[in-house]
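Grab your viewer and work through the exercises below. Each one sets a task and then walks through the solution.

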Amino acid sequence: MSQETVDSVADYIHPEATDFFHKYVWSYDHKIIAKQYMWTSFLFLILGGTLAMLLRWQIAYPNQPVPVIGGLLKSAFFFDANGAISPDGYLQLGTMHGLVMVFFVIIPLIVGAFGNYLIPLHIGARDVAFPVLNALSYWLYLPAGVLMFTSFFVDKGAAAAGWTAYPPLSDAAGASTPVWGMNLVLMAVFLAGFSSILGGINFLVTIVKLRAPGMTWSRLPLVTWAQFITAVFQVLATPMLAAAGAMLLFDRLAGSSFFLPRGLVVGQNAIANTGGGYPLLWQHIFWFYAHPAVYILILPSMGFASDILAAFSRKPVFGYRAMIISMASIMGLGFIVWGHHMFVSGLNPVMGMAFMVSTVFIALPSGVKVFNWLGTLWGGSIRLQPPMLYAISFVSMFIVGGLSGIFMAASPVDIYIHDTYYIIAHFHYVVFGATLFSVFAATTYWFPKMFGRMMNARLSYLHWALTFLFFNLAFFPMHFLGEAGHMRRLMTSTGYEFLNPLAPWNEFITLAAFALGASQLLFMFNFIHSVFFGAPAPDNPWEASTLEWTIPNPVPHYNFKHLPTVYRGPHEYSSPEAEPADWLPQNAPPGHGGAGH
Amino acid sequence: MKRFKTLNLLLACLLQPALALAADTKGPSIWLPETVSARGRDIDALYMHILYVVIAIFVITQGLLLYSVIAFRAKPGRKASFFHGSSGVELVLAAVPAIILLYITVSSVQLWSLVRLHGPGKDAVHIQVMGEQFSWNFRYPGADNVFGTPDDVMVAGEAAVPVGREVVFHISSKDVIHSFFLPEARVKQDTLPGLLGRVWSEWDVIPVWNLATQKRELLTLDEYEAAPVAVSGYKFASEPNPVKAGWYQASDSARINYLRYHYDRDPDAKLVVLRGGKPVDEKPAYVQHYFEIACAQLCGNLHFGMRGTLRVLPPDEYEAWLKAQQHDDFLASKWTGIWDEFHPEYNKAL
């Protein structure tokens, strides 16, 4: 292809839609699809968070009616006749909170929304490689999410076997209360998995094939590198989830017994379709997907943090190559550590030993990343604007979550803390503390480009301070509960003598969690208000050097009027070449001088 | 464990005061419950060892983060230094954690093989455990030491083991996955239907309730034999705790589940006090108590109530306890109808 044809706006892959339906609903534009993902997953975030608030109410005030909502919804959904959470309802809340947050909030938000928006802009492309497939991804995800919440409305409610859905609890008839709720949830996760696989393929092809001239692999922003590695994860691991879900659905609907061993008796009832199955099989397949999924939840966040830390430190990322190598090794090791979820599950202890070694060593690339982030800050000229505060908090919370992981990797210690609040503390430090902080960082950072307006900085500062405080107050004490042996997924712990003294801690955590939830209203208000009424944003408010900031606001449909030629890496801040400015856009030709000239 | 001693000592000097303070608050205990066995102490030692290392890394990294943010914040006239990294620094920063991680791995592997690969001794007591929604069933092999024979002793919810002897639990489930969790023994293992698992532990202490302080205590066999202990005649009771643990606690109605436990004289039951295994006519200092057995794996809507108790008894009292258990046809049918019928291989594991 000659330079002219590539560069011609008229030859753009799909024309700009003019009617409302094709512009905002069935859109092929990656920027619109990104925003669809963003709005939808923020909505699910609110719903998923509300489920968590209800859970925490029950744990702190066992069997007390939930204020207001409980009174209105007596005997409906997860409430009992007094408006308190019912035992089945409690498990539904916990199960759905986990599934919604993992599959319908975090992955769609960091991959669907930010991946979609940023990848083409970062590599200098006009859209993703397969725009129709991209639309299909979103339109699989949205109905899957709706299906997910529909399950609350069917007889006996939504899935209640934990987000891990271990059979036979999720499988054998009568073992747990929900019937169709479980099926619907499995179908929803199946669909969401498909959406994720399609997205992954799309991003891989886009990054490999559509990079602008000069955008070599070693000039890609780390956000895009992280998305690339995440996409590999999605393409290789998510089919396992689809397989697991399909097998479980077969067991439940078609009378197969993949996971049901012989001689299964629930209560007094022998289960009909048992024999030949193996419950541990599910755990292997599930965790073969779900452990890499943990890295799908964190790698893109590492990318956001890396680029944002560099931009606000006015310094190149420390050890760009090491960052990529460590992400790649996290991926490689990520595929051989799933057994650490199964140290006490009946796995052969010799296997446990192998998984322990691989698990301890996945801490190494994570450690390298932490040191590189610290190295990026070191000697910088740090601007503590809202995205930077969020990004620094990401690093801080990631350190806590990473360090608590070492206890679990040491399998003898894991025997004791497995399935306790220690685990809950650990993964909330990673998925809420680290990932959601990076989402706040990314949202405040790219908001000016996405919506052409600035978010209110004061509200962001306040939201950051409250979230940081209440997050730690809510989740750090969970380490103590775990140390005391407090099991997870207990509707109330007060029946155990050894856990009863922890009741005040549970109350404290719940109050902090409520405050944490309430603090998010600030962000919600700031976001929605700024979309419509925020101050108009300059084209490059953060003086950043990656390609998206070279595009005027609002971003035109075709992104780049002329496809850019890239001359340098993504973090050329404070380069002597840039004098007197302190940054060089990636497309500034050599000898061009400072940015803005 | 000896190999941890030097580093532990070094780090303990720095960190122990802070940890002691955290563990010694007036409020509820937030620390590891006191352990009961040699393996439990090993696990705790490894835990503490990792904790010291982790706290050191935490302080260094968070300290550097905070320092960088303060020391390098933008000021008029400051210009960031321009460098892309350093392979040397990178290598050191990878090598140091690698050595620490290798050290933790080696310690963990050694202990793991000790806990999970080296089997129990010949003299061990064997007990079968069958998880069920929502209770724990136990079967003792009886005098012939063979499971699945008429002299088996079966109990539900409440088990007993002798102090000072290895006890092997052969665990499985009849319905869904449960997890057999003995917090004080640091034992936890999922019970999988269709698969027989095996865990073992040894108790060197006997749990009793101190009537003066109304708190649980752990006595060695010698201490137990020297004290007057009530084995019947007392009942366990609880009531809402009158003392608030913190300002954040709500009114009494909401605190109803924060309990204070105590043993009271039960006027309907005959008082039996033993000292050194012999009945004595004196005021008891202790009442025989138990450890709790928990389910640690989500097993259905009443999972939170799947609690059992485990008495640890002197050898002669253990034998007496076994003899006193009555045969229950319904209980026996669970074992013969499910376990012996579908999984006869389970009974050969002994």
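## Exercise 1: two helices at an angle

Helix H9 (residues 279-313) of chain A packs against helix H14 (residues 421-451) of chain A, with the axes 9 Å apart and an angle of about 45° between them. Your task: classify how H9(A) and H14(A) lie to each other, and describe their contact.

**Solution.** Keep in mind that you're looking at a predicted model.

- Step 1. Two packed helices are described by the angle between their axes and the distance between the axes. For this pair that's about 45° and 9 Å.
- Step 2. Roughly parallel would need an angle under 35 degrees, and roughly perpendicular runs from 65 to 115. H9(A) and H14(A) are therefore oblique to each other.
- Step 3. Now the handedness: H9(A) passes H14(A) in a left-handed crossing.
- Step 4. Pick out the residues. H9(A) brings A:Leu297, A:Ile298, A:Ser301, A:Phe304, A:Ala305 and A:Ile308, and these meet A:Val430, A:Val431, A:Ala434, A:Thr435, A:Ser438, A:Ala441, A:Ala442 and A:Tyr445 of H14(A).
- Step 5. Sort that contact by class, and you get 11 nonpolar, 3 polar and no charged residues.

## Exercise 2: another pair in chain A

Work out how helix H3 (residues 30-60) and helix H16 (residues 503-533), both of chain A, are oriented to each other.

**Solution.**

- Step 1. The axes of H3(A) and H16(A) come within 9 Å and cross at roughly 160°.
- Step 2. Angles over 145 degrees count as roughly antiparallel, so H3(A) is roughly antiparallel to H16(A).
- Step 3. This crossing of H3(A) and H16(A) is left-handed.
- Step 4. On the H3(A) side, the contact is made by A:Gly49, A:Met53, A:Arg56, A:Trp57, A:Ile59 and A:Ala60; on the H16(A) side, by A:Asn506, A:Glu507, A:Thr510, A:Ala513, A:Phe514, A:Gly517 and A:Gln520.
- Step 5. Sorted by class, the contact of H3(A) with H16(A) has 6 nonpolar, 5 polar and 2 charged residues.

## Exercise 3: the build of chain A

How many helices and strands does chain A have, and how compact is it?

**Solution.**

- Step 1. Chain A has 16 helices and 2 strands.
- Step 2. Its radius of gyration is 24 Å, close to the 25 Å that the globule rule gives for 597 residues, so chain A is as compact as a globular protein of that length.
- Step 3. Along the principal axes, the C-alpha atoms of chain A fill a box of roughly 80 × 55 × 45 Å.

## Exercise 4: sheets in chain B

Trace the open sheet of 5 strands in chain B, then the open sheet of 6 strands.

**Solution.**

- Step 1. The 5 strands come in the order S3-S2-S1-S5-S8 of chain B, with mixed pairing. Strand S3 (153-156) and strand S8 (197-202) are the edges, each pairing on one side only.
- Step 2. Ignoring direction, neighbouring strands of this sheet are turned by 25° against each other on average.
- Step 3. Zoom in on strand S1 (residues 125-132) and strand S2 (residues 135-140) of chain B: they run antiparallel and are joined by 5 bridges. In one of the pairings, B:Met130 has B:Asn137 in S2(B) as its bridge partner.
- Step 4. H6(B) packs on the sheet, where it touches S1, S2 and S3 of chain B, and its direction makes about 110° with that of S3(B).
- Step 5. The sheet of 6 strands runs S10-S9-S16-S11-S14-S15 in chain B, and again the pairing is mixed. Its edge strands are strand S10 (215-219) and strand S15 (278-279) of chain B.
- Step 6. Within it, strand S9 (residues 206-210) and strand S16 (residues 286-288) of chain B pair in the antiparallel sense over 3 bridges, and B:Val208 stands opposite B:Gln288 in S16(B).

## Exercise 5: where the chains meet

Which helix gives the largest share of the side of chain B that touches chain A?

**Solution.**

- Step 1. The contact takes 89 residues from chain B and 102 residues from chain A.
- Step 2. Among the elements giving two or more residues to the chain B side are helix H2 (38-71), helix H3 (87-117) and helix H6 (329-342) of chain B.
- Step 3. H3(B) gives the largest share, 15 residues.
- Step 4. By class, the chain B side has 52 nonpolar, 24 polar and 13 charged residues.

Notes. Residues numbered from 1 in each chain as written. Chains lettered and ligands numbered in written order. Predicted model: local features only at pLDDT ≥ 70, side-chain atom pairs only at ≥ 80, totals over all residues. Axes fitted to C-alpha atoms, helices over the stretch in contact; angles between N-to-C directions. Helix = DSSP H or I, 4+ residues; strand = E, 2+ residues; numbered from the N terminus. Left-handed = near helix turned anticlockwise from the far one by under 90°. Contact = placed C-beta atoms within 7 Å. Nonpolar A, V, L, I, M, F, W, Y, C, P; charged D, E, K, R; others polar. Pairing = 2+ DSSP bridges. Rg over C-alpha atoms; globule rule 2.2 N^0.38 Å.
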